[in-house]
Amino acid sequence: NSSAGSGRNGKTENYTIYGKTGTAEVGSKKNRRQNTWFMAFVTHKNKTYAAALLAENGQSGGAPCAPLMAEFFNWYLASK
């Protein structure tokens, strides 16, 4: 929720999403790539929902993972 946090691209006006970004390097030094992730939770109508999103060959956990998580929670919680 901080404007300086790595997950700031996951901010949405509909819900307060709490999360953690991450990056894992995979492969040998010569063929190294990154898998990125964003784990998050949100409370809606007195229930807590959690989700994890992994992007193979991603750039960072904050992009594209965090915005996709916000999109997911907006879609999913709209039906609750």
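**Core and sheet of the predicted model**

Ala40 touches Ile17, Tyr18, Gly19, Tyr49, Ala50, Ala51, Met69 and Phe73, leaving aside residues up to four places away in sequence. Contact here means heavy atoms within 4.5 Å. The model is predicted, with local features requiring pLDDT of at least 70, side-chain atom pairs counted only at pLDDT 80 or more, and totals for chains, interfaces and linings using all residues. Residues are numbered from 1 along each chain as its sequence is written, and side-chain values use heavy atoms, without hydrogens and water.

Ala40 also belongs to the largest nonpolar core, which has 14 residues. Such a core is a set of buried Ala, Val, Leu, Ile, Met, Phe, Trp, Tyr and Cys residues joined through side-chain atoms within 4.5 Å. Buried means under 20% relative accessible area (1.4 Å probe, protein chains only). Ile17, Phe38, Ala40, Val42, Met69, Phe73 and Leu77 have the most contacts inside this core. At least two core residues come from each of β2 (33–44), β3 (47–56) and α1 (65–78). The largest share, six residues, is supplied by α1. Helices (H or I, at least four residues) and strands (E, at least two) are DSSP runs, numbered from the N terminus.

Three strands form an open sheet in the order β1-β2-β3, with antiparallel pairing. Two strands pair if DSSP finds at least two bridges between them. β1 (18–26) and β3 are the edge strands, each pairing on one side only. The twist averages 15° from one strand to the next. Ten bridges join β2 and β3. Trp37 stands opposite Leu54 in β3.

The helix α1 lies across β2 and β3. It runs at about 140° to β3. Axes are lines fitted to C-alpha atoms, for helices over the stretch in contact, and angles run from 0 to 180 degrees between N-to-C directions.

Terms used
Buried < 20%, exposed > 50% of the residue type's maximum accessible area, 1.4 Å probe, protein only.
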